[in-house]
Structure formats: structure tokens, C-alpha cells
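This report describes the fold shown below, beginning with the chain as a whole and ending with single residues.

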Amino acid sequence: MSLKDRLLELQKGKEKYSFSIPGLADNGDPLKVFYSQLTVREDTRLRKQYPEFYKQLQSGDLPSFQAIVDLIIMKLTDEEGTKVFGDEDRSYLLGMDVKFITDVGAKLLENIYRSVNIGLINELHTVCKKMD
């Protein structure tokens, strides 16, 4: 197995999180959506499009709603891994009330941001151990 194949296999096995969005399923029931940690490519895109995104999160400020909508489009999938929202849905999502976007964004960011922090802490711990 090539290195590329092993990297792709690792990505397939990454942890998935889920939550339900009330009233969004075809029959009006809650729609269960899935997401995984940010990839480097996704992180780079967020940082490029919204340079203040992480700073706002860390300071407790709310990032722009457009940034949250883009994150929702970027990350949410169904159980099979098909994107729930596409770029064509951006205008509909931007037309939703702030509470809806905030609720969905908060659920999405909860585990994504936690995994980024845990990864950073683990790396810092490794560096500090090497410095001893």
C-alpha cells in the first residue's frame, strides 16, 4: 500500500460527530447531520476568507454569520457522507434567522474547535517534554 493510500485510509477512519436539526427532514422531523474534524485544506480556506475567524472564537466574540454559513456548507453531510448543503444553498442559509445559524454553528463548532485545541495542547506537551 502506498503512502498516499495509507493517508487516504486514515482520513476515511476519522471520527464523525452528529447532531439533529429540528424540522429539516423531508417529513418535518429532525434531520440528523454528520461532520468530522477540519482538514488542513478547510482550515486554510477559513483563514483566507475570514482572517479574524479564530481570533473571534477565542475572544468569545461571534464570527461573521457568513463564515458560519460557509462552515455549515463545508462540513455537514448525511450518514453516507453526501453534503447536506451546497453552494447553491448559501443564499437560503444567509436568509435564515440569526438564531437558526447560531444554533447549528454552535453545535458544529463545539467538537471541531475542541479537537483543534486538544491537538494543539498535545503538540505543545510533546514539544515541552523534548525541551526538558
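## Overall layout

Read from the N terminus, the elements of the chain follow the order α-β-β-α-α-α-α-α. That gives 6 helices and 2 strands. The model is predicted.

Of the 132 residues in the chain, 31% are buried. Among contacts between residues at least 6 apart in sequence, 47% join residues that are at least 24 apart.

## The nonpolar core

The largest nonpolar core contains 26 residues. Within this core, the residues with the most contacts are Phe19, Leu46, Phe53, Ile72, Leu76, Leu93 and Leu108. At least two core residues come from each of β1 (16–21), β2 (31–36), α3 (53–59), α4 and α6 (98–131). Helix α4 supplies the largest share, with 7 residues.

Leucine 108 is one of the residues with the most contacts inside the core. Neighbours within four places in sequence aside, leucine 108 contacts Phe19, Tyr35, Leu71, Ile72, Lys75 and Leu76. Phe19, Ile72 and Leu76 are themselves listed among the residues with the most contacts in the core.

## Helix α4

How many of the residues of α4 are buried? The count is 9 of 11, so helix α4 is largely enclosed by the rest of the structure. The buried residues of α4 are Ala67, Ile68, Val69, Asp70, Leu71, Ile72, Ile73, Met74 and Lys75. The list includes Asp70 and Lys75, which count as charged residues.

## Packing of α2 against α4

Helix α2 (residues 40–49) and helix α4 (residues 65–75) have axes that come within 11 Å and cross at roughly 160°. Angles over 145 degrees count as roughly antiparallel, and α2 is therefore roughly antiparallel to α4. The crossing of α2 past α4 is right-handed.

On the α2 side, the contact is made by Glu42, Arg45, Leu46 and Gln49. On the α4 side, Ala67, Asp70, Leu71, Met74 and Lys75 take part. Sorted by class, the contact of α2 with α4 has 4 nonpolar, 1 polar and 4 charged residues. An α-helix has 3.6 residues a turn, so residues three or four places apart point the same way.

## Aspartate 70

Aspartate 70 belongs to helix α4 and is one of the residues that form the contact with α2. Is aspartate 70 buried or exposed? Its relative accessible area is 2%, and values under 20% count as buried, so aspartate 70 is buried.

Threonine 102 sits in helix α6. With a relative accessible area of 25%, threonine 102 is partly exposed. Threonine 102 and valine 69 are 33 residues apart in sequence, and their C-alpha atoms are 9.3 Å apart in space. Val69 is one of the buried residues of α4.

Glutamine 56 is found in helix α3. The relative accessible area of glutamine 56 is 25%, which makes this residue partly exposed. Its contacts, leaving aside neighbours within four places in sequence, are with Asp61, Leu62, Pro63 and Ser64.

Methods: Residues are numbered from 1 along each chain as its sequence is written. This is a predicted model: local features need pLDDT of at least 70, side-chain atom pairs count only at pLDDT 80 or more; totals for chains, interfaces and linings use all residues. Side-chain values use heavy atoms; hydrogens and water are left out. Axes are lines fitted to C-alpha atoms, for helices over the stretch in contact, and angles run from 0 to 180 degrees between N-to-C directions. Helices (H or I, at least four residues) and strands (E, at least two) are DSSP runs, numbered from the N terminus. Angles under 35 degrees count as roughly parallel, over 145 as roughly antiparallel, 65 to 115 as roughly perpendicular and the rest as oblique. A crossing is left-handed if the near helix is turned anticlockwise from the far one by less than a right angle, and right-handed if clockwise. Contact means heavy atoms within 4.5 Å. Buried means under 20% relative accessible area, exposed over 50%, partly exposed in between (1.4 Å probe, protein chains only). A nonpolar core is a set of buried Ala, Val, Leu, Ile, Met, Phe, Trp, Tyr and Cys residues joined through side-chain atoms within 4.5 Å.
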